[in-house]
Amino acid sequence: MQNKGVITFLAILLAVASIYQLSFTYATWRVKKQAREYAKGDLNKESNYLDSVATMQAYPFPAYTFKECQDRELNLGLDLKGGMNVMLEVSVADLIVNLADGNRDTTFRKAIKIAKEREATSQSDFITLFYDAFKEIDPNAQLSAIFGTYSLKDRIKHGTSDQDVLKVLREEANDAIDNTLNVLRSRIDKFGVVQPSIQKIEGNSGRILIELPGVKNPKRVRKLLQGTANLQFWETYYYPDVYSYFMKANERLKEIYALKKEISADKLKNDTTKHDNLLLKTDTVKADTTLQESLLGDTTDNVNPLIEKSNNDLSKKEGFNEYQKKYPLFAVLVPYLDKRNQPINSAAVGFAHMKDTAEVDRILAMKQIKSIFPKEMRLKWAEKAFDKKGELFKLYALKAKRAGKPALEGDVVVNAREQTDPVTGQWEVSMNMNAGGSQKWALITKENIGRQIAIVLDNYVYSSPVVNAEIKGGSSSISGHFSQEEAKDLANILKSGKLQAPALIIEEQVVGPSLGQQAVNHGMLSFIFAFMLILVYMIFFYKTAGYIADIALLANIFLIFGVLASLHAVLTLPGIAGIVLTIGMSVDANVLIYERIKEELALGKGLKLAVQDGYKNAYSAIIDSNLTTLITGIILFIFGHGPIKGFATTLIIGILTSLFSAIFITRLIFTSRLAKNKKTEFYTRFTKNAFKNTKIDFIGKRKIFYVISGTIIILGIGSLFTNGLNYGVDFKGGRTFVVKFNHPVVTQDIANDLKVLFGEAPEVKTYGTSDQVKIVTKFMVNNKSQDADNIVEQKLYEGLKPVIGPDVTLDEFLSDYRESSHKVGPTIADDIKVAALWAIVFSLIAIFLYIFIRFRNWQFGLGAIAALAHDVLIVIGLFSLLYNFMPFSLEVNQAFVAAILTVVGYSVNDTVVVFDRIREYLQFSKTREKKTLYNNALNSTLSRTFNTSMSTFIVLLAIFIFGGEAIQGFVFALLLGIVVGTYSSLFIATPIVYDSVRHKITESVSKKKNREYLGSKKKNKDNK
């Protein structure tokens, strides 16, 4: 063996590097074990213990703290240890509006609206969509007239061309995205998450992927990530000063509703029934009035609701309908009055139930109502509810300065920190301003002594303190009944800086710690069981050589984990499936080598020469088969994200390490044994004659298998048109929740309860055991409000209360019952579908080109692509046929696409081995009858095909049985793919090559005969 010393040195070096990288994982595992023993099941106690030892030494040499070891340990994905995965998208639409300084131009506003509508279904970026719409509305309009603002005056002037303006807008958008990335990274670093991941998604403008392992409070994270940190200080109106405007608004609204009622009555005067129904609807003013904490007093002309405690719904009070007709605005916005029905001297002008805030906003935004109030008046809601139930929110009247701006912007704040108020002991946020801000702040406070200043963050009033005296020095504080966590997060947001545009969550996945631990247990069980099966199988089939292959497998696993740790790659549950699949596929290289050695031994060669020639002759097939699988792994890595990228990572690493282990480590062992003249056997008495001298006529029976395959494909295509596919939320958008109960549940009852709150019946299915369900819904998935996800969780909790019991709180439900959740917005769902399609197309093209270049014959490429198309169509068709009958989920999602691409890689791996043997035979037997040659090639590789397929099928079957319901559909697709791929490599790919080559030969012979005929005819003519 050449370069034996170099290979030995490289093997030792890789082993030492792997040991070093994995030692950090061992160090953290030891500390975590101590924490578990100390906490005795108390998760909070365990977390506090780990926090306390974060800066203590946990690694001997060099000295690393526990936190530093955590940064270097093998990363587990969210599906294995719980946490939160978030895809954020920077709102370029809001950025464009801000760059235009809120321009009210009609064409500009219409173009923004149209671009937003088209963005949901288009693959173009928002700026392109905006410009196309802008020109459609008014071809003569110029962008410079819109964006020639003060902030862009140095870059956009009057007459600047549209293309130059677009260039500036794109530069500003890219800068905003980079700024968002940096700001979010700063916020996350201060949040205290171990091993967070934040990255910009290349090719998807404005998207940022964030992974936060171990996070237990998703609501807090959403608020942290989506807040723009747009801090403002506003002067305020007092309610007595503006109360008359609200009374006028009531009168105007009453007139509007009366007019609508009259028009509607005229239209329906011939239909008494419809007329009565309409009167009933207009009497209730379409307002959802559930003011849980207010009491309606006397309903005479001079009396308004009082702010007192009550356990009854205001809408159920006697005389409410009469009051609602008289005061339609106050029916949803309770005026802030004292017990004498006089406006309270406060910046708050009223309050509303959380369900009514949208209705209040709608009313106040009506042109007829808005025109009543002063132009400088801005109405903003409080950030926090003031009642114990957290349902009532105050509305504040703010006074704008010139150009509708606040008195002071938050960019003057240079530092912020949480602290306790020395008088009340409550948590607050202390701020320090720069010199310019300090001067302005002093002037503002001096002019507003005895009045309230509203401190607004991201369009919500956080606090409205009364100014007691002029504040010099630029110091101030924000108070608002904060918890320590809330004060810390707010200070963090202010310190990290302002986002130039909002970042909205378009995809979110939350995995609870219990589900993560369950996934670890299932994954490890399937891994160990599959690994043991392969070890036993190899010894059973190859005896001594099987032991050597097992040593290589052990080395391969060790190297995979070592490389994963050194690259700081993330190990996910699909990643474990990728490793186990790699185990099955790594056996293939050993099988190819061993079958070649057995062939050389059968020719009468000595063991040493047989081993040497066996390795040499197997290299071509090994390289070809593994490179084609590597191509699909790389494409998966490029197009996938999250767990799918984890699967691709382990698959790629596994292919490379298995090649090194199977080719070089086994060769080193064989060389050592041969040097010592140790006996080495390649079969047992049970497998000695397995697949020996087989003479199956694959080519002769090819048309039978064409018919069988064609029938299955036609049935599958028919099912696709009639039954369709069970698309997951990845492809259609929506939300999924996995909820585990303390007892078996009836899915239909849960669906009925949730329908009342969601407004539509969700899909509820048993997930694994009868006490666990998977809920799929599209409720509020299109809502871009920052509170949408929190509202959905609240509704889900309320809908499941009859099942989980009335004593379970929302926090307990989210932590103990909700196992996982996943949200995919419609925009990203379309993008995922497109990316999946491109991934499959690129895989097929890349494989065709590789085979064409490698074999220098388009017929081989055609045979491979035909077999791959055959495999993909059958697997997809079977998923369509079976998803209504299988006891586990057969969703078509990103994992399914990963499975399809893996099947493509595996199938072509199998096919290329046969093609390689055909090529070899053609080199030495060019005159041999083609049918016999192709049959001999298929029969001679049959042992390898069987062993590789069987070993891979065994490990996948172990994952399918023990891996848990989370990946059963994924593994089922792989199992189908292994069976179909093996079938196609034998009965489809090679026969198609045979038919296409035979056609070519026949055509060539015909042309030759034709030329001979024409030549003889001409000769006869000349003779005459």
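Helix α28 supplies the largest share of a nonpolar surface patch, 8 residues. The model is predicted: local features require pLDDT of at least 70, side-chain atom pairs count only at pLDDT 80 or more, and totals for chains, interfaces and linings use all residues. Residues are numbered from 1 along each chain as its sequence is written, and side-chain values use heavy atoms, without hydrogens and water.

The patch has about 960 Å² of accessible area together (Shrake-Rupley method, 1.4 Å probe). Its members include Leu-837, Trp-838, Leu-849 and Trp-858. Patch residues have over 30% relative accessible area and no salt bridge, and nonpolar side chains are joined within 5 Å. A salt bridge places a side-chain nitrogen of Lys or Arg within 4 Å of a carboxyl oxygen of Asp or Glu. Helices α28 (826-855) and α29 (858-882) each supply at least two patch residues. Leu-849 lies in α28. Its relative accessibility is 43%, so Leu-849 counts as partly exposed (buried is under 20%, exposed over 50%, partly exposed in between).

Strand β6 (residues 207-213) is largely enclosed by the rest of the structure, because 7 of its 7 residues are buried. Helices are DSSP runs of H or I with at least four residues; strands are runs of E with at least two. Arg-207, Leu-209, Glu-211 and Pro-213 point one way from β6, and Ile-208, Ile-210 and Leu-212 the other way. In a regular strand the side chains alternate between the two faces of the sheet. Strand β4 (residues 83-90) runs antiparallel to β6, joined by 7 bridges. Leu-88 stands opposite Ile-208. Strand β5 (residues 197-200) is also antiparallel to β6, with 4 bridges. Gln-199 has Leu-209 as its bridge partner.

Note on methods. Buried < 20%, exposed > 50% of the residue type's maximum accessible area, 1.4 Å probe, protein only. Pairing = 2+ DSSP bridges. Patch = residues over 30% accessible without salt bridge, like charges linked within 9 Å, V, L, I, M, F, W, Y side chains within 5 Å.
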